[in-house]
Every structure is written in structure tokens, then in C-alpha cells.
Amino acid sequence: MIRVSGIKITLDQDEAAIKRELLTKLKIKEKELVEYSIFKCSVDARKKDNVFFVYTIDAVINNEDKILKRFARDKDVSSSPDLNYEYTKPGDIPLKNRPVIIGTGPAGLFAGLILAVMGYRPLLLERGSDVDTRTEAVRTFWKTGKLDTECNVQFGEGGAGTFSDGKLTTLIRDLRCRKVLEEMVAAGAPAEILYAHKPHVGTDVLREVVKNIRQRIISLGGDVCFNTKVTDIKVEQGVVTGVEFNGEAFIDTEVVLLAVGHSARDTFKMLYDKGIRITPKAFSIGVRIEHPQELINQAQYKQFAHHSKLGPAEYKLSYHSPSGRSAYTFCMCPGGLVVAAASEEGGVVTNGMSEHARNANNANSALLVGVTPADYGSEHPLAGVEFQRQWERKAFELAGANYHAPAQLVGDFLLDRPSEKIGHVEPSYRKGITLAELKHCLPPYVVETLREAILDFDKKLKGFAISDAVLTGVETRSSSPVRIERNEQRQSNIIGLYPAGEGAGYAGGIVSAAVDGIRVAEAIIAKYKPLGDGTYV
């Protein structure tokens, strides 16, 4: 198979043009082309008067060696790499008990899937509910302010990413990324995520994908238990012997994969108290910014803004302040909502969410500033958790102590004055907003860096600093505030305990967390024999 990059197609050309351009690029006749498939498709909008698609194609061609030789100096033509996932060969150590996975976010689910395929019959324990029950609990919170601290936007089947845009982009380069996307397609995600440059599924589709992955794990001999909160990990002479859940029941196991997510603060404390090595980690805090989606479409695509093939426009921006601080946009949600994402009583947390159609009126994005352990005011390993909690509680009090979120218009935020009323951008935060000065629920250096960044971003994306754009605070859960240390075998300082995913400090997003879960599952497989007959063993 040959991979051909740089095939350009205008917005008004049909799909047949891909084939025509491929034949022209390779200088071959149609009869020489056996078949082809799209490997990647992206939009090039750098020149606003000339927006087009760029394709990378994998093609089966007669006399491929001859073609490759002819284009040996052409960087756009090469042999297609093998992207098939290779399952790890099992180790020799017998398991007495089933491996236990704590958490059913991307890391936990994909670790569970790989272990189940290989015959290890994993047991997945989730403190929250199944995704359908969880969805109702979240809707109740958004409507009434009644927060379930065990089942919310942060906790429950699918992890925090279930209530997001469902972005599947990642900066890591790992063949396991392809495996993650393939499994998601097999579980009901649209096939386009395999080739879209910026793939996403949306929260509505992701909920179905999560359920189907769970059912596959069960069909392969695994089990998933909901409303099962791990309250202790039993350790004897530095070795895991089991886990306690719900404060009373106990399961024997010598292998625990810890995939608890970035908001399991009580679990972090339990681990610290057990002597498990934890270090504070940098993360980011800030606000959500909302613009009319139409404004973003016009800024990015100009006269092509309403073209049916483009869909809602996105952006990704960054700024480096003379102070040394950096600001950036994160988890941008075209046609989405700003949502209440608290997991503790007495705190306000925001996040962004889109459905697959991305058809809401506003675009929103996190607007964040990096913070480091030097900002936390303490050298304690859990100081970052307290730092988050401090600003979440300030936001809660500032907005009326009823889970409304504090909000301010961009124009007023830049001029350091209170907002008196909302303009033409209607806030999408369903629980309700309270107009307030956001400087009272953010560190001063974050406020100053955000003001600089907004003005800088307006130069890069026309209209970013419009006066009526809405800032809603606070966003504090950009990533885990801790790292649970692990060695090259992916074990912590406790033998048999395997930290994984975003909560452990080794990932940032759905795909990278899933990939890390797979890596940890491979480490377990490489050491232990399966409990049953694995599909690929």
C-alpha cells in the first residue's frame, strides 16, 4: 500500500475529485488503481479567500515498487506504515485473583478492554453510576442545584470526558491512538474519526460508545460494578493484597490499576496516607469564554463561513506574557455549552460541552493560565488540590452560594469594572450566572495574564475581544494537580499498584488517557498469565 499526501480538493469539488487527483499525482491510469481509502482529511484556511481540503490517501496500486521508486524523492509519496495493533505476549506469573481497575474513564475502560480481550477477566469498579443514570443526575444538578458528590460531571461511567466536546485530538504520537479510534468506531462512533484532522464525537455519541465498550468488556469475561467507591487499598509488606469499597466490603487482588481521574481528591488523600508517592504537578486555571459561533465562523472562513462542508469553525490560540506566564485556549467547543462541573459541595467549576452536531448558538473555550507548584503556597504533595479548592469556593460565594457561576463581559473585564447587564451574547451556563468581577475569584497574576492574552488573541482572531463576549468562572480542572509516581514497569512504589491516565498525571484528554490505560494494561499482561482463554492468546 502507498500513502499519498498533499491532495488538495476545493470546497465545491465532489468526492470523485479525490480519485482524479490521486491518479494525476501518481501519473497512473485508473485501471492501475486497485482501491484507496482516506487516511487523513484537514481544512486549510490559512488564506481566507482560498479555503480547501487536504487529503492523505492510502492506495493499493499495481506495481507499487515501481511507483515508489519513481517518487523516491517526493516527500508526499511513501509506503504506508503498518498501523495494526500488536497485543502483548503474556508473562509467566500466575494470578491468584482477577485484576481490579478503579475508574471507568478512558484509561480504565481501555485498560479493561485490552485485559478482557487477552483473557484476564478484569473487574472494573466505578464510584459513580452507569452513564444513563449519571446523565439524569447531571441534568438534575443543572436544573435544581442538587449535587450528587459521587455521580456528576467528574464521576461516573466514561469519566469527565463524557460531558465534553468529545475531542479525540492528541499531541502524542503512538500507534495505540489508532487502536483507540478503531475501538470507538466499533462501539458506534462515526467512521470519520479515523481520518478527520480534528476528530470529535460529541457528548451524545460518546455516551453510547461508552456503554458499548462496557458491554464488550462484559462479553469477554470482565465485570463492571457501579456505585462502588474504593475506600482503601490493602497493602502488606509493600505489596497490594486487595481493595476495600464503600467502607465495608473487600476484594482480594494482587493487581490494581488506578485510573481515578483528575478530580478524585479523596482518593488522592487516601493514597497519600497509605504512603504511595505523590508529587504536586503544574496545571492551569482560568475561565470559559463565549462568543457567537457565527463570529468564529466569519473570522476563520470569511466568505466560506456558511459552506455546508465546513461546519462550525474552531480555534486554538496561545500567548506568552513578558511576566513569564503563558495563556492559551483549551477544549474549544464549537456550537456548545458552558456547563456546571462541580464534584464537591460549596465550589463552582465550569467546563465546556458540545453534542455531535455542534449546533448551539455559542462557541466556548477554556481560557487558561498555567500555574506551578511554586504558586500553591505549600510544598505538600496535595497543595495543588487545595489551590483548586480555594478558587472554586471563592467563585461559589461570589455568585451567591447557589451554584450559579460568576460571569463578566469581556469589555468590562478588560477595563476592570463590573458588568451591569448581559449584551447580545446569551450565557449558556444552565444553572444560571451572577454578574460579578472575576478578579475576586482568580489569582491576580492570572487576571493580568488573561487581560493581556485576550487583546493578543484579538489580533489573531478578529472579534475575540468583542465587548459583549462572556467570561464565566472558574475553570480549575484542566488536568490533574498531582502525579502518582511510577517506575518503568508502570508500578508505583507499592508492588501491584499501577497508576494510569489523566488522574495519575500521565495524560491529558480522552485519547491520551486511553492510550496510557492500554500501556499499563500491557505492562500487566507482560508480567502475568491470563486467567482464561484470551481471544488473541
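Author: What follows describes the second largest pocket and the strands that line it. This is a predicted model, in which local features need pLDDT of at least 70 and side-chain atom pairs count only at pLDDT 80 or more, while totals for chains, interfaces and linings use all residues. Residues are numbered from 1 along each chain as its sequence is written, and side-chain values use heavy atoms, with hydrogens and water left out.

A pocket is found on a 1 Å grid over the protein atoms alone, as an open set of points where a 1.4 Å probe fits, with protein on both sides within 12 Å along at least five of seven lines; lining residues have an atom within 4 Å of a point. The space in the second largest pocket is about 1200 Å³, a volume filled by probe spheres set on the points. Its lining has 35 residues, and Cys41, Ser42, Val43, Phe53 and Leu310 are the closest to the centre. By type, the lining holds 16 nonpolar, 9 polar and 10 charged residues; Ala, Val, Leu, Ile, Met, Phe, Trp, Tyr, Cys and Pro count as nonpolar, Asp, Glu, Lys and Arg as charged, and the others as polar.

Two or more lining residues come from each of β1 (2–10), β2 (33–44), β3 (52–61) and α8 (293–301). Strands are DSSP runs of E with at least two residues, and helices are runs of H or I with at least four. With 5 residues, β2 gives the most.

Strands pair if DSSP finds at least two bridges between them. Phenylalanine 52 in β3 is the bridge partner of threonine 10 and stands opposite aspartate 44. In β3, 9 of 10 residues are buried, meaning under 20% relative accessible area with a 1.4 Å probe, protein chains only.

Note on methods
Buried means under 20% relative accessible area, exposed over 50%, partly exposed in between (1.4 Å probe, protein chains only).
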